[in-house]
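Biologist: I have a new chain open on my screen. Can you walk me through it?

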Amino acid sequence: MKAAILTHYDKNGTNLEIRDVPLPVLEDDEVLVRVKAAAVNPLDNMIIHGEVKLIVPYKMPLIMGNEFSGIVEKTGKNTTRFKVGDKVYGRMPLKKIGAFAQYAAIEESALALMPDYLSFEEAASIPLTALTAMQAFEIMQVKSGESIFISGGTGSLGAMAIPIAKSLGLHVYTNGSKENEERVRKLGAERFIDYKKENYVDVLTNVDHVLDTLGDRELPNEFKVLKKGGNLVSLRGLPNGRFAKRNKMSMFKQILFQIAGRKYDKMAAKNKQTYDFIFVHEDGKQLDRINQIFNKTHPIETSIDTIFSLDQINEALSKVRNGKSKGKTIIKIGE
């Protein structure tokens, strides 16, 4: 089969190599998926640059790719959830990525049936953002009736997180540019703050939870709108000791990340708040929940920018790296 291979980390970036490699060997708890489409994400470039090797230390050479859709070709002897011919999608297991290939052997616990109203390309664009939202709310331990501010919620994460938050009974607030207000309100946002007219820190107060998508420069303000004892989960800050402990990392890494995230922990401690960093992991059951929240009447909102072939993987990675995608960049692999 053809696969896009990373041979070494490079902080300045390096091209993936398209190679012919053997079909993956199927473990008893895995299914063999013929990959039809895979999405290219900033995470893929972060892996190439070596920016996540302390979180997940991959061995080289590495078949790259983190989220995908495809068709089940074969099932392991201990699998029970899927049959040959099923259309599935998911986030590749952290310890064994490899979506930029014609076939992948994947633990069945990472997979869910693909919504039948989506194309393979659309389905491949969903798992990372959907699971990020679900896992962030899980960390926050959200309860119906509470409030959440999703910073910069007009992008692909907001399109997933806002309706999920609404389905959980949360009061959702977000900010962004005025032209996105109607769309975001339809998704379930109760309050929309036009950042050109108002600063959210001047109009929000005592919010139960904050989902941060903006990172270091906005975290001080996000803590200001958070209530005493509230929770902030960040996609863009730094890992901290709580992150390392939650992911059962070694004591060395727990100490290392405790030092790295100390600045944010200190911000949170002033008002007995908590700071958590999220690095999304595979979870087929959470994707099943996504399939229940959305349906043909209220479909998952997808946005695809450009579709490339596997041979064009480096062009696709460059496009994402340069921030030029207005939706998901997709690699079409199967015919």
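**A walk through the chain**

Modeller: Start with burial. Of the 335 residues in the protein chain, 54% are buried. Keep in mind that this is a predicted model.

Biologist: Okay. How many helices and strands does the protein chain have?

Modeller: The protein chain has 12 helices and 16 strands.

Biologist: And what does the C-alpha trace span along its principal axes?

Modeller: About 55 × 50 × 40 Å. The radius of gyration of the protein chain is 20 Å. A compact globule with 335 residues would have a value near 20 Å, so the two agree.

Biologist: What share of the contacts joins residues 24 or more positions apart?

Modeller: That share is 69%, counting contacts with a separation of 6 or more.

Biologist: Let's go inside. Which residues touch the most other members of the largest nonpolar core?

Modeller: Leu16, Ile47, Met64, Phe68, Phe100, Phe279 and Ile331 do. This core has 60 residues. Strand β3, residues 30–40, gives the largest share of the core, with 5 residues.

Biologist: What does the second core include?

Modeller: Ala124, Ala161, Phe192 and Leu287 are among its members. This second core is separate and has 45 residues.

Biologist: Let me pick a residue. Is Tyr200 buried or exposed?

Modeller: Tyr200 is buried, because its relative accessibility is 3% and the cut-off for buried is under 20%. Tyr200 is in helix α6, residues 200–203.

Biologist: Which residues does Tyr200 touch?

Modeller: Leave out residues up to four places away in sequence. Then Tyr200 touches Phe149, Asn175, Ile193, Glu218, Asn221, Glu222 and Val225. Take Glu222: it sits 22 residues from Tyr200 along the chain, and their C-alpha atoms are 8.7 Å apart.

Biologist: Switching to the backbone. Which peptide bond is cis, with omega near -5°?

Modeller: The one from Met60 to Pro61. Pro61 is in the loop between α1 (42–48) and β4 (62–63).

Biologist: I also clicked on Lys248. What is its phi?

Modeller: About 55°, which is positive, although Lys248 is not a glycine. Lys248 is in the loop between α8 (241–246) and α9 (251–260). Its relative accessible area is 75%, so Lys248 is exposed.

Biologist: What about phi of Lys272?

Modeller: That phi is near 55°, also a positive value in a residue other than glycine. Lys272 lies in the loop between α10 (262–269) and β14 (274–277). With a relative accessible area of 63%, Lys272 is exposed too.

Biologist: Last one. Where does Lys332 lie?

Modeller: Lys332 lies in strand β16, residues 328–332. At 40% relative accessibility, Lys332 counts as partly exposed.

Biologist: And which residues does Lys332 touch?

Modeller: Not counting residues up to four places away in sequence, Lys332 touches Lys36, Glu121, Ile307, Phe308, Ser309 and Leu310.

Biologist: How far apart are Lys332 and Gln135 in space?

Modeller: They are 28 Å apart, C-alpha to C-alpha. In sequence, Lys332 and Gln135 are 197 residues apart.

Terms used:
Residues are numbered from 1 along each chain as its sequence is written. This is a predicted model: local features need pLDDT of at least 70, side-chain atom pairs count only at pLDDT 80 or more; totals for chains, interfaces and linings use all residues. Side-chain values use heavy atoms; hydrogens and water are left out. Helices (H or I, at least four residues) and strands (E, at least two) are DSSP runs, numbered from the N terminus. The radius of gyration is taken over C-alpha atoms; the globule rule is 2.2 Å times the number of residues to the power 0.38. Buried means under 20% relative accessible area, exposed over 50%, partly exposed in between (1.4 Å probe, protein chains only). Contact means heavy atoms within 4.5 Å. A nonpolar core is a set of buried Ala, Val, Leu, Ile, Met, Phe, Trp, Tyr and Cys residues joined through side-chain atoms within 4.5 Å.
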